[in-house]
Amino acid sequence: MHDQGIKVRKQIISVLILLALIVITFFYYLKGYTLQDLRNAFVKANFAYLLSGLSMMVLFVSCEALNIYLILKTLNHKVPFLRCFEYASIGFYFSSITPSASGGQPAQIYYMKQDKIPIAVSSVTIFFIVYVYQITMILSGFIMTLLRFSQSIYFINKLRYLFIYGFVINTGVIFILFSLMYSKKAAPSIAEIILKAGNKLRLIKKVEETRNKLGKSLTSYRKKATILKEHPSLFFKILGVTIIQMTALNSIPYLVYCSMGYRAKGILDILTCQSLLTISVSAVPLPGAEGVAQGGFLQIFDSYFPQDMLTYAMLINRIISFYLPLILSFIMYIFTHIRTTKQSIRGDILEGKQN
């Protein structure tokens with residue numbers, strides 16, 4: 001009960017930090033604009049395109065759900081697709097409210113554990129999804145750069161240090177996750193570093209006991225990772241689904257562009273810009289990259305939207321790609337939390353009757 005209280009408190013703090021960043025961002029970027037101006041921009045927009053943009057975010061989450069479903073099935077854990085959609089929504093919610101999207105994966109593993117999915121299975125599943133997602137993000141940026149080379153170089157120069165930072169961090173994550181999944185030495189070495197650091201910080205007191213537990217978990221983890229290695233076709237299935245997922249995310253600015261009545265630029269041009277922007281802001285250590293994502297949008301799309309409509313486009317894009325999905329994923333998280341809590345209570349009651 002005490003641990004549950006701590007988790008709720010941390011979550012509230014994370015949400016409050018995100019809300020504070022949203023308020024600061026709105027005040028900073030919307031200076032000189034009135035609520036009536038913003039309302040007029042929404043009224044003039046074509047809602048068919050805006051709904052298409054929101055559907056792209058539903059597709060984005062659904063693709064992750066499908067990936068979870070495919071991997072769990074390969075690991076001999078058949079879970080309904082709707083349950084996988086819950087896990088994907090929880091990942092989106094917690095990734096959105098924590099710096100560098102660091103809270104999404106632990107939350108997914110926690111709720112999978114509540115549904116009796118072993119940690120070794122859930123951690124391999126989530127790590128594999130993140131691993132392929134990072135590869136797809138870099139691959140998409142590379143392909144779009146080849147297709148629109150001069151344009152890409154121009155925008156990379158505009159983003160400059162932010163792009164370099166995002167590229168280095170995301171590439172580093174790929175190598176770390178590859179090592180964790182396929183190297184026999186990497187995972188134990190990282191676990192040992194964490195153990196020593198935790199002991200020095202007095203967070204871990206029973207070092208040997210914790211080392212033994214971690215050892216058993218890592219052995220099970222490696223067995224599950226080996227199963228994935230024995231199914232090379234699974235990588236390409238997950239890659240294909242993730243390419244669709246990434247394309248859905250990166251196409252939203254184009255749908256916003258069309259909703260505002262513009263047609264001068266093609267979808268490849270805008271996909272190129274958003275691909276580079278996604279790489280640049282994905283690793284920013286702020287919840288939802290709030291503030292930086294908006295600034296990057298204004299910087300990279302200033303040659304696509306008229307100057308007097310650029311801020312409106314940024315706001316509409318952010319509402320569709322972040323704020324509304326955040327609310328929807330929060331609702332799904334509450335639903336899942338209530339469901340798993342009821343399951344836990346029923347389990348405790350049955351266990352009590354048996355005793």
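Which residues does Phe301 touch, not counting residues up to four places away in sequence? In this predicted model, the answer is Pro253, Ile270, Cys273, Gln274, Leu277 and Leu310, where contact means heavy atoms within 4.5 Å.

## Ground rules

This is a predicted model, so local features need pLDDT of at least 70 and side-chain atom pairs count only at pLDDT 80 or more, while totals for chains, interfaces and linings use all residues. Residues are numbered from 1 along each chain as its sequence is written, and side-chain values use heavy atoms, with hydrogens and water left out.

## Overall picture

The protein has 15 helices and 0 strands; helices (H or I, at least four residues) and strands (E, at least two) are DSSP runs, numbered from the N terminus. Of its 355 residues, 47% count as buried. Here buried means under 20% relative accessible area, exposed means over 50%, and partly exposed lies in between (1.4 Å probe, protein chains only).

Among the contacts with a separation of 6 or more, 78% are between residues 24 or more positions apart.

## Core and enclosed helix

The largest nonpolar core has 89 residues, and Phe128, Phe301 and Phe305 have the most contacts inside it. Such a core is a set of buried Ala, Val, Leu, Ile, Met, Phe, Trp, Tyr and Cys residues joined through side-chain atoms within 4.5 Å. Helix α15 gives this core its largest share, 13 residues.

Helix α14 (residues 292-300) is largely enclosed by the rest of the structure, because 7 of its 9 residues are buried. Among them are Phe297, Leu298 and Ile300.

## A serine in α15

Ser321 is found in helix α15 (residues 307-354) and is buried at 16% relative accessibility. A polar atom of its side chain lies 2.7 Å from the backbone oxygen of Asn317. Leaving aside residues up to four places away in sequence, Ser321 touches Met57, Phe92 and Ile252.

## Salt bridges

By the rule used here (a side-chain nitrogen of Lys or Arg within 4 Å of a carboxyl oxygen of Asp or Glu), there are 7 salt bridges. Asp115 pairs with Arg83 at 3.8 Å, N to O. Asp115 and Arg339 are each buried, at 14% for Asp115 and 14% for Arg339, whereas Arg83 is partly exposed at 24%.

Glu290 forms a salt bridge with Arg318, the closest N and O atoms being 2.8 Å apart. Glu290 sits in the loop between α13 and α14, and Arg318 in helix α15, 28 residues apart. Both ends are buried, with relative accessible areas of 2% for Glu290 and 9% for Arg318. Elsewhere, salt bridges that share partners join Arg83, Glu86, Asp115 and Arg339 into one network.

The protein exposes about 18,700 Å², 67% of it supplied by carbon and sulfur atoms; accessible areas come from the Shrake-Rupley method with a 1.4 Å probe, and for residues only the protein chains shown count as cover.

A nonpolar surface patch of about 680 Å² includes Leu139, Phe142 and Ile267. Patches are made of residues with over 30% relative accessible area and no salt bridge: like charges are joined within 9 Å, nonpolar side chains (Val, Leu, Ile, Met, Phe, Trp, Tyr) within 5 Å. Helix α6 gives the most to this patch, with 5 residues. Leu139 lies in α6 and is partly exposed at 32%.

Conventions:
A polar contact is a pair of N or O atoms within 3.5 Å; within protein, one must be able to donate a hydrogen and the other to accept it, and residues adjacent in sequence count only if both atoms are side-chain atoms.
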